[in-house]
Amino acid sequence: MTQTSEGVNGLTSVPALLQRNAAEFGDKAAYREKELGIWQNWTWSEAADEIDALALGLLTLGAAEGDFIAIIGRNRPYLYWAMVAVQSVGAVPVPLYSDASADEMAYVLEHCGARFVIAADQEQVDKVTDVQEDLSQFEQMIYLDPRGLRKYDHANLHQFSKVQDAGRAAVGELMPELNRRREALNYDSTCVMLYTSGTTGKPKGVVLSNRNIIETSRHSSEFDSLSAGEDILAYLPMAWVGDFIFSLGQAYWTGFCVNCPESVDTMMTDLREIGPTYYFAPPRVFETQLTTVMIRMEDASPMKKRMFDYFMTHAKKVGPDILDGNPVGGFDKLKYKLGDLLVYGPLKNTLGFSRVRIGYTAGEAIGPEIFDFYRSLGINLKQLYGQTEASVFITQQPDGQVRSDTVGVPSPGVELKIAENGEVFYRSEGTFVEYYKNAESTADTKDPEGWVATGDAGFIEEGTGHLRIIDRAKDVANMSDGALFAPKYVENKLKFYPNILEAVVFGAERDRCTAFINIDLTAVGNWAERNNIAYASYQELAGHPRVLETIQEHVETVNKSVAEDPMLSGCQVHRFLVLHKQLDADDGELTRTLKVRRKIIGEKFEDLVNALYDDSPEIYTETEVTYEDGRKGTISATLEIRDAAVVPVTASKIAAE
Amino acid sequence: MLDSTDSYVTSDGRTIGGVVMEMKNITLRFGGVVAIKDISFDIREGEIRAIIGPNGAGKSSMLNVISGFYVPQEGQVMFHGKPRPQMKPYEVAQQGIARTFQNIALFEGMTVLDNVMTGRLNKMSSSLFAQAIWRGKAEQEEIENREKAEKIIDFLEIQHIRKTPVARLPYGLKKRVELARALVSEPSILLLDEPMAGMNVEEKEDMSRFILDVNDEFGATIALIEHDMGVVMDLSDRVVVMDYGKKIGDGTPNDIRNNQAVIDAYLGVAHD
């Protein structure tokens with residue numbers, strides 16, 4: 001395995017990068033956050049002061065080197081500072097998903113043995129307080145927003161700003177110790193520990209070193225020539241590796257500005273106001289935005305609608321080529337410019353993408369139409385493929401080689417190989433150190449030579465060298481007649497319809513495939529409104545005969561398209577039902593990063609799966625649901641099961657044999 | 001029994017002060033209809049005081065008496081120990097009393113922010129002319145008022161609809177905007193007329209949390225009308241129960257829960 005020099009210019013830790021940034025870009029904006037309706041601004045040197053104050057404050061509270069300190073909350077500058085302050089005192093930050101339940105938090109806090117917790121607000125403080133009895137190593141908590149917390153017992157509870165004040169007061173006494181600890185950090189000390197969302201089983205703590213984070217940030221920043229002038233919007237969960245790389249790793253490496261939205265609900269407005277130059281979003285966000293645009297265009301005046309349709313058709317024809325720098329006719333170019341003036345420009349502005357130079361999407365497959373829509377507008381949207389264990393980057397698409405069906409070429413510094421069974425392996429300097437307190441899983445995933453199993457099946461396309469991912473390796477199975485079963489492939493095709501939010505396809509070891517469908521409330525709700533269809537609840541809309549008809553059409557169209565692929569034609573959906581509830585992370589059906597937990601869904605809705613295979617026309621079911629505050633209830637429904645037309649494939653099979 | 005000037009600390013650590021407002025033998029008639037009959041009770045500083053009762057019990061009339069909108073034919077409203085004279089609505093507001101309405105009364109065509117800003121109107125002292133040209137004091141006042149409004153918007157978590165016209169909002173959010181407008185005038189007494197009416201469980205929980213936070217954070221005394229018993233019992237320090245214009249109970253939620261007259265009024269009595 002290639003080992004590079006011990007950091008560039010001795011920059012072997014995030015706190016070291018901070019000090020460089022404070023010296024080099026002292027007056028440049030490092031963080032912005034909208035508060036009370038105004039964008040507040042912190043320069044790199046101000047951020048460094050705040051971080052020092054907090055780090056000193058942590059020392060006054062007795063934080064030791066090697067401690068684990070959990071950080072829970074939505075994206076706020078203060079919490080990013082907390083991460084670096086924790087690193088500065090030689091401790092390890094462990095960001096947690098802020099929407100996790102108290103029990104989920106208890107598992108992680110106990111697993112890492114967190115001594116301190118830095119929580120954003122009362123909600124998070126309450127959750128930790130609820131479970132603190134079970135936490136053997138937990139000692140003290142620091143909170144950011146004092147609202148509702150004034151009357152709490154402050155024996156082990158400290159306000160963020162007070163900790164900083166204590167730190168500032170002790171600067172003379174503790175600064176030498178802080179400096180000593182900062183200097184003791186090297187390329188192999190732990191930078192962060194991130195818990196995987198866990199599509200299977202309990203979350204695992206992925207230990208990432210400074211080398212992992214800084215080398216990955218360096219390579220990926222160079223790949224897209226990111227500069228200190230970039231602006232990003234930090235809105236994805238802080239516990240997710242992507243946010244750590246974009247909002248911390250790359251931001252500290254290149255010195256660009258991290259902007260935090262005012263609240264979760266204002267994200268779209270804030271996006272428009274900031275106009276990021278570098279943007280990351282999972283496919284779902286792009287899908288939702290496109291759905292919103294389309295819904296609003298349906299309601300626009302006929303003149304505007306015609307203009308939109310006319311120029312979008314043109315954009316689809318030449319937009320991607322113009323973006324990739326391919327030759328385009330002079331008249332088409334002129335027409336595209338006019339379209340930009342009348343349609344594309346204003347639309348990009350509304351979406352907040354006017355300044356986007358590089359956009360990435362990853363995590364799930366993105367629908368080709370969605371992908372092309374954004375690219376045809378002139379937004380340089382690309383795909384990357386990565387995972388927590390790789391410090392994100394495994395492959396990514398270089399400018400000019402962007403397609404919706406591949407995930408790109410190996411990122412700089414990453415080696416790739418495909419195993420016999422099709423599983424993708426990689427090794428790089430971003431490769432994680434270990435799973436914390438789980439040598440067994442570490443050994444299962446990473447071999448002694450440093451190759452890491454991704455768990456995904458894929459192949460490298462001949463000619464282009466691009467990687468294509470088929471499915472999760474363990475989800476790829478055989479049907480009872482031996483045909484290949486790749487559920488994700490079919491699910492993605494289904495999900496490309498705006499009406500379908502989520503789909504779960506069954507068929508492993510069965511004679512045919514069936515599916516659960518979740519409708520998209522925004523899209524279907526709007527359709528219902530325009531067609532005068534009254535509904536009182538999600539459940540009622542999901543069970544409406546006309547909704548079922550529409551979904552059936554979608555399923556049948558997908559079947560036709562699946563049938564065209566000789567390898568996967570067995571995966572056509574024979575029967576389906578539309579679920580009465582939305583799959584939800586609170587109910588354990590999705591991971592916190594909103595990925596389907598196939599096995600759990602199969603077990604939880606066993607009655608429904610059986611009904612899909614026993615030809616019954618409908619089924620009555622009761623389901624337990626968890627409300628946001630953790631209480632449980634049940635909902636019941638009678639679901640109609642529909643047969644979908646399939647394209648016969650036996651003929652071609654015989655012919656092939 | 002507490003004296004009118006005594007203060008005490010509740011089990012959750014809030015300090016409840018002396019009596020700020022006292023209704024003395026209030027009777028209110030509309031022509032021949034007696035809406036309120038000889039009711040007396042008091043409101044202490046910093047407490048959450050609920051008025052409950054079945055439909056038509058006279059709760060809203062009572063709130064209108066407290067707010068000074070209705071003048072009772074008999075009895076007196078004592079405010080800080082002194083009888084309160086008949087007042088115009090703006091005079092009531094100047095005394096630090098703000099309210100929300102059962103049927104939302106917002107300016108539908110205006111944005112949320114503008115609606116909230118109207119709550120600051122009686123704190124403005126610059127002249128109409130100064131405001132028209134937006135110079136000197138007017139500018140300074142506007143900045144101060146906007147800051148106050150933004151703090152309330154942040155507090156009630158309605159940042160995402162700041163620039164949205166009220167007419168486009170769902171019911172639950174309109175209720176929150178109305179609360180924001182009442183709060184921004186920095187009231188010492190806040191009157192809430194059925195703050196949870198027509199809300200679903202989740203919205204009710206949100207609203208309950210906001211009411212508790214308002215009481216805690218701003219130290220406001222809150223008098224609220226509500227017919228959702230569960231909410232009232234969880235939220236309030238003391239409860240007055242009305243039925244057919246009469247007071248049938250007054251005390252802590254626990255007292256009320258065990259009060260036979262109240263149980264009868266709510267569950268009905270078998271006449272055999």
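This is a predicted model: local features need pLDDT of at least 70, side-chain atom pairs count only at pLDDT 80 or more; totals for chains, interfaces and linings use all residues.
Over which residues near 651-657 of chain A, if one looks at contacts beyond four places in sequence, how many does the model have where pLDDT stays under 50? For residues 651-657 of chain A, the model has one contact beyond four places in sequence, and pLDDT stays under 50 over this stretch.

## Confidence in chain A

The average pLDDT of chain A is 90, with 97% of the residues scoring at least 70. Over residues 1-5 of chain A, however, the pLDDT is below 50, and this stretch has four contacts in the model beyond near neighbours in sequence.

## Overall form of chain A

Chain A contains 22 helices and 28 strands. Its radius of gyration is 26 Å, close to the 26 Å that the globule rule gives for 657 residues, so chain A is as compact as a globular protein of that length.

Of the 657 residues of chain A, 47% count as buried. When contacts in chain A between residues at least 6 apart in sequence are considered, 65% of them join residues that are at least 24 apart.

## Domains of chain A

Chain A is divided into domain 1, covering residues 9-261, domain 2, covering 283-470, and domain 3, covering 477-656. Between domain 2 of chain A and domain 3 of chain A, the C-alpha centres lie 26 Å apart, and the contact takes 10 residues from domain 2 and 12 residues from domain 3.

On the side of domain 2 of chain A that touches domain 3 of chain A, helix α11 (residues 283-298) of chain A provides the largest share, five residues. By class, the residues on that side of domain 2 of chain A are four nonpolar, three polar and three charged.

## Overall form of chain B

Chain B has 10 helices and 12 strands. A compact globule with 272 residues would have a radius of gyration near 19 Å, and chain B, at 19 Å, agrees with this. Taken along the principal axes, the C-alpha atoms of chain B fill a box of roughly 70 × 40 × 40 Å.

Buried residues make up 37% of the 272 residues in chain B, and among contacts in chain B between residues at least 6 apart in sequence, 68% join residues at least 24 apart.

## Where the chains meet

Nine residues of chain A are in contact with 13 residues of chain B. The side of chain A that touches chain B consists, by class, of one nonpolar, four polar and four charged residues.

Technical notes: Residues are numbered from 1 along each chain as its sequence is written. Chains are lettered from A and ligands numbered from 1 in the order in which they are written. Two residues are in contact if their C-beta atoms, placed from the backbone, lie within 7 Å. Ala, Val, Leu, Ile, Met, Phe, Trp, Tyr, Cys and Pro count as nonpolar, Asp, Glu, Lys and Arg as charged, and the others, Gly among them, as polar. pLDDT is the predictor's confidence in each residue, from 0 to 100. Helices (H or I, at least four residues) and strands (E, at least two) are DSSP runs, numbered from the N terminus. The radius of gyration is taken over C-alpha atoms; the globule rule is 2.2 Å times the number of residues to the power 0.38. A residue is buried if 20 or more other C-beta atoms lie within 10 Å of its own, exposed if 12 or fewer, and partly exposed in between; C-beta atoms are placed from the backbone. Domain bounds come from an automatic or database domain assignment.
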